Amino acid sequence: MSISIDWKRECKSTMILYRAKLNHCIACSALLTAAAVCLSASTAKCDDEEFEAAVAVEGVPGPDDPQMQILARYARVNCALARRVCKLSDEQEQQLANLDDAWLKAECEKLLRAPKEGAAAGFARFFGLGGLAPVRPDAQPQQIIGLVSQEIDKRIKSCLNIDQASAFNDELDARLKFRRESHAEVIVGILDKRLFLTDDQRIELKAAISGSLNKDVAWSIYLMNENYLPTLSRPAIAKVLDKEQLAALSQWRNADFESFQFEQQVMGQQEQFVIEK
Amino acid sequence: MKRSMRFFNCEIFRLQFVLVAVVLLTCTIGVTRQSLAQVRMGAARQDILAMYVFNGIDEATFKKQLDEQTKLVVDRIVKITAIDDAQRRKLTLAATGDLHRFYRELETVREETKDFDIQNQEQMQKVWQIVSPVQQRVNAGILNEKSLFEKLLAAVLTVEQRAAYDEYLRKRERALCTAVLHATIADLEKSLPLTVEQRTRLLALLEANPFPKKVQNGSLYNVGYVLLARLNDTEVAKILDESQHKTFKGITKQFENQAGGLTW
């Protein structure tokens, strides 16, 4: 059985039409249409220049955009950290200086313009496993920020020699570890108010929670709304809490508030104090 | 007949048929589950108390959770203070009394709000005035400082037991303040980079300074910045370089006079 799929992607702003032209048995059509949708979502090479331009205009935030401000702050702070961790030469300083708003905008554009390839990605998304597949980041601002932040760190490291890059990396790892642990500590504190934890439980719970956190939680929101908790790894917690404490966990509702959501709102509204250099 | 048999014997078609059937079945189950969840949510939305007080769950589940929570509190205090059976019975009785009094309050609120239309914004503002005190009580905990349970606890415990309990509460409060302080420093580092050494020294300096004895719930999220703003400027300048120090001052300045809700 020979099957050929001839599809074309037509884009007008956000509207995308997929057409699957099938040359064989009618019974294949349901499967092939599904496959075509998956493949085109993941492997589409867009010929339409109009679409490319529309993405560039609509997707990339401007310099006053909160997302761009978050990225600019991240770049400035991490460059400042690199300066404090390593003794930089004039040439290295010059390279870091190139990491400006224009560079950030170009990085965002690059990410938004490059559709992720791979049929596996499309199939994974089709079956609800989007998290496993590379996704075009234009729909999720936090994804753009995450990806560009990684590029910023890569760029900074590329300006450093091996020893400097290693030292800088250690500092970044230590900072992230401290952040995750501090967020876990706040969650433990909220649990403690109702569960009456022992000293040992506090320590063990902090380790268990920080190990399972993979996002920056909006800890102050949880402090103000003590009926909510981020989604926590139940098996990890179950090892630390006793039966009654575990049963009492059901009184909290799960809601995943990320710090990113609230930083976006604050950006531009309050005076921001960020390190100069 | 023969033709149709050949059609069905086609292995590939059979495989495709099964796959399509699985996909359709999965979709149907998903839609049905979603519809059921929406029906349940809809029922919960009709109940004003479920919406504002029970945290989205039904009354029976809410009361069960409160009963279990109360039992847990009494059990923990028994462990911390090593009280005897007679003391325990008194505490359990007081806690049960507090709960029953709260349940009666809930009935009153339900009665007062039963004729209001939740679609009517004006009416819902009146509902909010009736419901919010009960909601605040739930958030603060039924066995709070004003409860019969707390009053009896103060009367029932011996001096040693009271000291053990106060020590537990002090450590718990301190642990929470420390957690908030650490999270605040983690936030601070989004604007002001610190090396591992600087962070360690800053934490040590903070630990050497007094923490508030009591922090009201509404002021808790600010306590980290308040503690940072209270640090001796000369000591801070020894840890940070000039540019870092300038940024630190800019960030913490607005918290210099913010000590509301904190008892030192």
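Start by showing chain A and chain B together: about 4700 Å² is buried between them, with carbon and sulfur atoms giving 59% of that. Buried area here is the accessible area (1.4 Å probe) that two parts lose on being put together, summed over both. The contact (heavy atoms within 4.5 Å) takes in 55 residues of chain A and 52 of chain B.

Before zooming in, some housekeeping. This is a predicted model, where local features need pLDDT of at least 70, side-chain atom pairs count only at pLDDT 80 or more, and totals for chains, interfaces and linings use all residues. Residues are numbered from 1 along each chain as its sequence is written, chains are lettered from A and ligands numbered from 1 in the order in which they are written, and side-chain values use heavy atoms, with hydrogens and water left out.

Now colour by secondary structure (helices are DSSP runs of H or I with at least four residues, strands runs of E with at least two, numbered from the N terminus). Chain A has 13 helices and four strands.

Next, look at polar links across the interface. There are 17 residue pairs in polar contact between the two chains, both residues at pLDDT 80 or more. A polar contact is a pair of N or O atoms within 3.5 Å; within protein, one must be able to donate a hydrogen and the other to accept it, and residues adjacent in sequence count only if both atoms are side-chain atoms. On the chain B side that touches chain A, H8(B) gives the most, with 15 residues. That side divides into 26 nonpolar, 16 polar and 10 charged residues, where Ala, Val, Leu, Ile, Met, Phe, Trp, Tyr, Cys and Pro count as nonpolar, Asp, Glu, Lys and Arg as charged, and the others, Gly among them, as polar.

Select Glu263(A) in helix H13 of chain A. Buried or exposed? Glu263(A) is buried, at 16% relative accessible area (buried is under 20%, exposed over 50%, partly exposed in between, with a 1.4 Å probe and protein chains only). Its side chain makes a salt bridge with Lys190(B), 2.5 Å from N to O; the rule asks for a side-chain nitrogen of Lys or Arg within 4 Å of a carboxyl oxygen of Asp or Glu. Arg73(A) joins in too, through a side-chain polar contact of 3.0 Å with Glu263(A).

Stay on H13(A), residues 259-266, whose buried residues are Ser259(A), Phe260(A) and Glu263(A). Look down the helix axis: these fall within an arc of 95°, so they line one face. The arc is taken from the directions from the axis to the C-beta atoms. Helices H3 and H7 of chain A are among what covers them.

Another cross-chain stop is Arg84(A), which forms a salt bridge with Asp241(B) at 2.7 Å, N to O. The pair runs from helix H3 of chain A to the loop between H11 and H12 of chain B. Arg84(A) is partly exposed at 21%, and so is Asp241(B) at 29%.

Finish at Leu195(A) in helix H8 of chain A, buried with 0% relative accessible area. Its contacts beyond four places in sequence include Trp252(A), Leu72(B) and Arg76(B).
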